[in-house]
Amino acid sequence: LFRSCGELLHRFAHSNNEGLVMPYKWDLSNYAEDDYIEYIKNIFKRAYPNNLEFCLIELMASKEVRDQRNNSPMRKFLKGQDSFPPIDEIESPLNRYNSFPDEFHNNSDHKYLCIDTERLTVSDVKRKIMTELNLYR
């Protein structure tokens with residue numbers, strides 16, 4: 001159907017859809033991933049040169065909470081696995097998945113929102129994103 005994620009994004013950018021939420025586990029210690037984010041932005045900038053709102057939303061949680069979530073019955077069901085290895089075993093200490101304070105901020109290129117999800121439900125996170133970024137219509 002699609003040969004690559006890039007092809008899918010190009011087709012989506014030229015469709016009549018109003019927006020896209022794309023979850024992505026960004027290794028902030030890998031500069032090649034910065035280039036990939038810029039590649040994605042540029043696909044949509046070319047499609048909407050005067051009408052693009054790009055938002056970076058960082059969802060933060062401790063390794064303990066992420067381990068609990070990874071081994072919840074729903075996550076196991078969705079992934080089709082009985083269990084997951086602990087976060088420490090699948091994430092290298094050399095990789096960085098949480099930003100430093102003030103590493104990102106709102107600018108003319110994108111909006112930025114950081115949400116501590118430790119004590120929030122999925123619905124709470126959705127509501128916070130919609131409210132903070134004024135996405136309700």
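**Before you start**

Residues are numbered from 1 along each chain as its sequence is written, and side-chain values use heavy atoms, with hydrogens and water left out. As the model is predicted, local features need pLDDT of at least 70 and side-chain atom pairs count only at pLDDT 80 or more, while totals for chains, interfaces and linings use all residues.

**Stop 1: the whole chain**

Show the cartoon. The protein has six helices and two strands. Helices (H or I, at least four residues) and strands (E, at least two) are DSSP runs, numbered from the N terminus. Along the sequence the pattern reads α-α-β-α-α-α-β-α.

Areas come from the Shrake-Rupley method with a 1.4 Å probe; for residues, only the protein chains shown count as cover. Of the 137 residues, 26% count as buried. Buried means under 20% relative accessible area, exposed over 50%, and partly exposed in between (1.4 Å probe, protein chains only).

Contacts come next, meaning heavy atoms within 4.5 Å. Among contacts between residues at least 6 apart in sequence, 60% join residues at least 24 apart.

**Stop 2: Glu7**

Select Glu7, in helix α1. Glu7 counts as buried because its relative accessible area is 14%.

**Stop 3**

Select Leu20, Met22 and Tyr24. Together they make a nonpolar surface patch of about 250 Å². Patches are made of residues with over 30% relative accessible area and no salt bridge: like charges are joined within 9 Å, nonpolar side chains (Val, Leu, Ile, Met, Phe, Trp, Tyr) within 5 Å.

Centre on Met22, in the loop between α1 (5-13) and α2 (31-47). Its relative accessible area is 31%, so Met22 is partly exposed. Tyr24 is also partly exposed, at 35%.

**Stop 4: the rings**

Keep Tyr24 and colour the aromatic side chains. The structure holds five aromatic pairs. Rings of Phe, Tyr and Trp (its six-membered ring) pair if their centres lie within 6.5 Å; planes under 30 degrees apart count as stacked, over 60 as edge-to-face and the rest as tilted.

Tyr24 and Tyr36 form a tilted pair, 5.5 Å centre to centre with 35° between the planes. Tyr24 lies in the loop between α1 and α2 and Tyr36 in helix α2, so the pair ties together parts that are twelve residues apart in sequence. Tyr36 is partly exposed, at 25% relative accessibility.

Jump to Arg96 and Phe100. The charged end of Arg96 sits over the Phe100 ring, 3.9 Å from its centre. A charge sits over a ring if NZ of Lys or CZ of Arg is within 6 Å of the ring centre and within 35 degrees of the ring normal.

**Stop 5: the salt bridges**

The structure holds seven salt bridges. Each is a side-chain nitrogen of Lys or Arg within 4 Å of a carboxyl oxygen of Asp or Glu.

Select Asp109 and Lys45. Their closest N and O atoms are 2.8 Å apart. This pair links distant parts of the chain, 64 residues apart: Asp109 is in the loop between α5 (87-90) and β2 (111-116), Lys45 in helix α2. Asp109 is partly exposed at 27%, and Lys45 is partly exposed at 30%. Glu38, Lys41, Lys45 and Asp109 are linked in a network of salt bridges.

Move to Glu53 and Lys111. Here the closest N and O atoms are 2.7 Å apart. Glu53 lies in the loop between α2 and β1 (55-60) and Lys111 in strand β2, so this bridge ties together parts 58 residues apart in sequence. Glu53 is partly exposed at 46%; Lys111 is partly exposed at 29%.

Finish at Asp124 and Arg127. The closest N and O atoms of this salt bridge are 3.1 Å apart. Both residues lie in helix α6 (residues 122-132), three residues apart, about one turn of the helix. Asp124 is partly exposed at 26%, and Arg127 is partly exposed at 44%.
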